[in-house]
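Please read it alongside the sequence and the coordinates.

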Amino acid sequence: MRPIIETINSIIGGQSGSPQYQELIKKAYQDPEVQSFLRKHRAELSDEQIKRGGSKLYEFYHEKMLLQNHQTSIAPGYTPQLVVSAGRIDVVYVPTAQLKAQQQAAELRQRVTTVRMPKFIRQANFSDIYDGNVDRMKATQAAMSFVGSYQPGQFQPGMYLSGNFGVGKTYLLGATANALAERGIISTMVHFPSFAVEMKGAIKDGTVDERRDAIKKAPILMLDDIGADSMSAWVRDDVLGVILEYRMQEELPTFFSSNFTMQQLEDQHLAIDAQGAREPLKAKRIMQRIRFLSREYHIQGENMRAGN
């Protein structure tokens, strides 16, 4: 069997067609990657098979040049590779590293469902959490521990993050959701005051049960900003209460953030409805479920949003 370079020279010398075509084929055969491929598969390919594969070799070379020159190729996001298939030279297209990264990012985003949450949640990361606050770091370590130990199907209490505006509660929830997504675990983040408004609107179109069920059955649920707005008895009992009752019975991990501590939420918010009526027993019932589903971490510190 002749050395591959002799075979290539023979094929180039015997090419028919216009001078332009001959020059293009010549460049393809002289490409280092093409020559390396042919040497690697020399035992599998006859001279005739190499000659017949000329168009595929040129396709590979042409697409590679387009990519190198940042021009549009036949398969954007994919890079060509030469293979031998059924005794023939062929070209397959595999995702580029950039496309793989984009696909992975898209898959991670799909694992975190957000309802009326700020855009920055998508980029929240444990490594970016400011570590100059003892309370925040304790809460962050607890969240990282949850992510590392959580196993679907096994109940593990979530977290109740309390503290003033801007101490990083929402960001920490987002970082937790994104870290869980990297483990393939699906979570749902909901800005509860906005969700409550939507639920009131859902009464008109009869979709209350559908919307509430979609939230209550989430494998991991994160309710952000509980207590930010006054809560009607209906939202408290027929929305929040139903969601929490289901999650307690099914032992589904649940996270919360609030400007109120757990005790303050019970005494100052849940016990008083939007009309000012006091119903401490109903508030206590809600709080029993919250305390079962989560453990409280209070974060004191400066408002990191101030001045932004």
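The structure discussed here is a predicted model, and within it glutamate 251 occupies the loop between H11 and strand E7 (254-258). Although it is not a glycine, glutamate 251 has a positive phi of about 55°. Aspartate 225, likewise not a glycine, has a positive phi of about 70°, and this aspartate is placed in the loop between strand E6 (221-224) and H11. As background, most residues other than glycine have a negative phi.

## Aromatic pairs

The structure contains 6 aromatic pairs. In one of them, the ring centres of phenylalanine 120 and tyrosine 171 are 6.1 Å apart and the ring planes meet at 15°, so this pair is stacked. The pair joins distant parts of the chain, since phenylalanine 120 is in the loop between strand E3 (112-115) and helix H7 (134-149), whereas tyrosine 171 belongs to helix H8 (residues 169-182), 51 residues apart. Phenylalanine 120 has a relative accessibility of 40% and counts as partly exposed, and tyrosine 171 is partly exposed with a relative accessible area of 22%.

Phenylalanine 192 and phenylalanine 195 form a tilted aromatic pair, with 6.3 Å centre to centre and 50° between the planes. These two phenylalanines are 3 residues apart in helix H9 (residues 192-205), which means that about one helical turn separates them. Both phenylalanine 192 and phenylalanine 195 are buried. Elsewhere, Phe146, Tyr150 and Phe255 make up one aromatic cluster.

## Helix packing around H13

Which axis separation and which angle describe the packing of helix H12 (residues 262-270) against helix H13 (residues 280-293)? The axes lie 10 Å apart, and the helices pack at an angle of about 155°. Because an angle over 145 degrees counts as roughly antiparallel, H12 and H13 are described as roughly antiparallel to each other. The crossing in which H12 passes H13 is right-handed. On the H12 side the contact involves Met262, Gln263, Leu265, Glu266 and Leu270, which meet Ala283, Lys284, Ile286, Met287, Ile290 and Arg291 of H13. Classified by residue type, this contact of H12 with H13 has 7 nonpolar, 1 polar and 3 charged residues.

Helix H11 (residues 233-250) also packs against H13, with axes that come within 9 Å and cross at roughly 35°. Here H11 passes H13 in a left-handed crossing. The contact is formed by Arg236, Asp237, Leu240, Gly241, Leu244, Glu245, Arg247 and Met248 from H11, together with Lys282, Ile286, Arg289, Ile290, Phe292 and Leu293 from H13. By class, the contact of H11 with H13 has 7 nonpolar, 1 polar and 6 charged residues. Ile286 and Ile290 of H13 are listed both in the contact with H12 and in the contact with H11.

| Residue | Relative accessibility | Class |
|---|---|---|
| Serine 162 | 0% | buried |
| Isoleucine 89 | 7% | buried |
| Lysine 64 | 10% | buried |

Serine 162 is part of strand E4 (residues 158-163). Residues up to four places away in sequence being left out, serine 162 touches Lys169, Ser258, Phe260, Thr261, Glu296, Tyr297, His298 and Ile299. The C-alpha atoms of serine 162 and phenylalanine 256 are 8.3 Å apart in space, while the two residues are 94 residues apart in sequence.

Isoleucine 89 lies in strand E2 (residues 88-95). Apart from neighbours within four places in sequence, isoleucine 89 contacts Phe37, Leu38, Leu45, Gln49, Ile50, Gly53, Lys56, Leu57, Leu82 and Val83. One of these partners, leucine 38, is 51 residues away along the chain, and its C-alpha atom is separated from that of isoleucine 89 by 9.4 Å.

Lysine 64 is found in helix H5 (residues 54-68). With residues up to four places away in sequence not counted, lysine 64 touches Asp31, Glu33 and Pro80.

Conventions: Residues are numbered from 1 along each chain as its sequence is written. This is a predicted model: local features need pLDDT of at least 70, side-chain atom pairs count only at pLDDT 80 or more; totals for chains, interfaces and linings use all residues. Side-chain values use heavy atoms; hydrogens and water are left out. Rings of Phe, Tyr and Trp (its six-membered ring) pair if their centres lie within 6.5 Å; planes under 30 degrees apart count as stacked, over 60 as edge-to-face and the rest as tilted. Helices (H or I, at least four residues) and strands (E, at least two) are DSSP runs, numbered from the N terminus. Buried means under 20% relative accessible area, exposed over 50%, partly exposed in between (1.4 Å probe, protein chains only). Axes are lines fitted to C-alpha atoms, for helices over the stretch in contact, and angles run from 0 to 180 degrees between N-to-C directions. Angles under 35 degrees count as roughly parallel, over 145 as roughly antiparallel, 65 to 115 as roughly perpendicular and the rest as oblique. A crossing is left-handed if the near helix is turned anticlockwise from the far one by less than a right angle, and right-handed if clockwise. Contact means heavy atoms within 4.5 Å. Ala, Val, Leu, Ile, Met, Phe, Trp, Tyr, Cys and Pro count as nonpolar, Asp, Glu, Lys and Arg as charged, and the others, Gly among them, as polar.
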